[in-house]
Amino acid sequence: MKEVTRNIRIEKKENLPLMSKKQILGIAILVCSVVGYVAFFTIFSNNNSNELVEVYFADRMTKAHLMLIDNFNHIHNGQIKIVPIHFPQSEFSTDMRKEVLARSLRGDDDAIDIFAVDIIGVDRFAKWSEPLDQYFSTEEKQKILPIAIQTCYIDSALMAIPLDLVQSVMYYREDLLKKSKKGNELIAKLQAGITWEEFRDFGVKMKSKNPFYIFPASDYEGLICSYIENLLSLKPDYFETNGFKFTTPEARRALQILVDLVQTYRLTPLVVTSFIETSSYQYFIENDGLFIRGWTIYDTDYADDPVDKNKERYLRKAMIPHPAGGKPASIFGGWNLMVAKSSKKKNEAIKFIKFLLSDESQEIIYKHGGYYPVVRSFFEDSVYSAKYPEINLIREFVKHGVFRPKEENYTKYSLIMARYFSLAIAGKISVDGALRETQNAIDAELRQRRED
């Protein structure tokens, strides 16, 4: 999928900005190119209200995105055109995307009209976004899944609209497990739910030459997802009770589980401390790994750009292990749509967002993007259940879904956590040392905020 998206992105007719994280001035190029294009269009078309309105939409443009944009543009031909601004997954982590968007939106120009943010990013971008309550009726909001729309509110104000949801899962190679000692027993256990302690015991007894468990452990948000689901498994109300305090037994145990996989049991290779999602998946396939922590979108993310189709056809999904004594927990991810406060095309932007919430559009998001739809009908209508049998499995996964904490400064705290937790997993600092340094840095941030 990545190569297909990239090829579409660079066609002149799409006018998609070119970016590369390897370029020092990449961010400036993106922002300036979009601003310049919008300025040109504004100067030469502002005097005629009947002319085409171009709406700039920033997101990672999957096959589903491009299909939906084409459908909308066809319906509104000559009136509204959605112009995609592409953030390739291979070049932008979630954290990098946030920084690029923030730089553009701080400028108070209309280079971007609609932008997608990680479901935990709404608080950070609210200051640059249009409140949306006035644009959506109660009936329209009630059609959206409560677990999806709850991430869109700040102090009872609707600041975003959900586009899709995704959830963390564990993939395993069914063919390799069935050939392994105790493999069939482990598969049965996976389907019933397995603890980290049981999972590790299987790994030690199997003595497989293949990498047993791969998870991305670079110092970025993906690592923190693994940590937080362990933490919330042990104490579901952890952040409501403790806030961002990591001096508790639960905080220590949540990190120790990840460190032990690498440092104590050697079930996970040290190289994972350099991996984000894409690199971890490639390593997993190329080295015939048995298990990998991933997202429910992997089926479609790599469908058009597979590492090895023959191996990937044996991938199966299961819930991620949980700490003994805790409850199964799986992090929700996904993307919410926000409208730039500085946009001069808010009505057209809202029209496109409502189009994306239609049953037909949400089905495309699921079928071609792999994301969970965010409308109730998809999970309640028997027509969809008959058409997509995996919906029953999704319903089971969703029961164990958990969210990262809502906090305006979450991104700052997450970066601090990732820095020290990755060092602990690499064996460069102790678990206690990592938690202590994390706490000191977060406390320093809090003190600075009070002084400001």
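Predicted model: local features only at pLDDT ≥ 70, side-chain atom pairs only at ≥ 80, totals over all residues.
Me: What makes up the protein chain in terms of helices and strands?
Reply: The protein chain has 23 helices and eleven strands. Buried residues account for 58% of its 452 residues. Take the contacts between residues at least 6 apart in sequence: 74% of them join residues at least 24 apart.

Me: Why is S218 called buried?
Reply: Its relative accessibility is 14%. Buried means under 20%, so S218 counts as buried. The residue sits in the loop between β7 (213-214) and α11.

Me: Which residues is S218 in contact with, leaving aside neighbours within four places in sequence?
Reply: They are L223, V272, T273, S274, F275, I276 and S422. Contact here means heavy atoms within 4.5 Å.

Me: Why is S156 called exposed?
Reply: The relative accessible area of S156 is 68%. The cut-off for exposed is over 50%, so S156 is exposed. S156 belongs to the loop between β4 (153-154) and β5 (157-158).

Me: And what makes K182 partly exposed?
Reply: K182 has a relative accessible area of 33%.

Me: Which residues of helix α9 are buried?
Reply: In α9 (residues 183-192) they are G183, L186, I187 and L190.

Me: How do you know that they line one face of the helix?
Reply: Look down the axis of α9. The buried residues fall within an arc of 105°, so they line one face. The arc is taken from the directions from the helix axis to the C-beta atoms.

Me: What covers these buried residues of α9?
Reply: The cover includes β6 (161-173), α8 (174-179), α10 (196-206), β8 (291-295) and β9 (315-318).

Me: What are the buried residues of α10?
Reply: W196, F199, R200, F202, G203 and M206 are the buried residues of α10. They span an arc of only 160° around the axis, so they lie on the same side of α10.

Me: Why is β6 called largely enclosed?
Reply: Count its buried residues. In β6, 13 of the 13 residues are buried, so the strand is largely enclosed by the rest of the structure.

Me: What makes β6 and β10 a pair?
Reply: Six bridges join β6 to strand β10 (residues 330-339), in the antiparallel sense. Pairing needs at least two bridges, so β6 and β10 pair.

Me: How many bridges does β6 form with β8 and with β9?
Reply: β6 pairs with β8 over five bridges, antiparallel. With β9 there are four bridges, and these strands also run antiparallel. Y171 stands opposite I292 in β8. Y171 also stands opposite K317 in β9.

Me: What makes a space a cavity rather than a pocket?
Reply: In a cavity, a 1.4 Å probe fits but cannot get out, whereas a pocket is open. The whole structure holds nine cavities of 30 Å³ or more. The largest cavity has about 440 Å³ of space. Among its 27 lining residues, Q89, T94, E277, W295 and W335 are the closest to the centre. The elements that give two or more residues to this lining are α4 (94-106), α11, α14 (277-286), α15 (298-301) and β10. By class, the lining has twelve nonpolar, seven polar and eight charged residues.

Me: What is the volume of the second largest pocket, and which residues are closest to its centre?
Reply: The volume is about 340 Å³. Of the 17 lining residues, L232, P236, E240, V402 and F403 are the closest to the centre. α11 (221-234) and α12 (238-242) are the elements that give two or more residues to the lining of this pocket. The lining divides into ten nonpolar, three polar and four charged residues.

Conventions: Residues numbered from 1 in each chain as written. Heavy atoms only, no water. 1 Å grid on protein atoms, 1.4 Å probe; cavity = no way out; pocket = protein on both sides within 12 Å on 5 of 7 lines; lining within 4 Å. Points joined across faces, edges and corners; volume = space filled by probe spheres on them. Nonpolar A, V, L, I, M, F, W, Y, C, P; charged D, E, K, R; others polar. Buried < 20%, exposed > 50% of the residue type's maximum accessible area, 1.4 Å probe, protein only.
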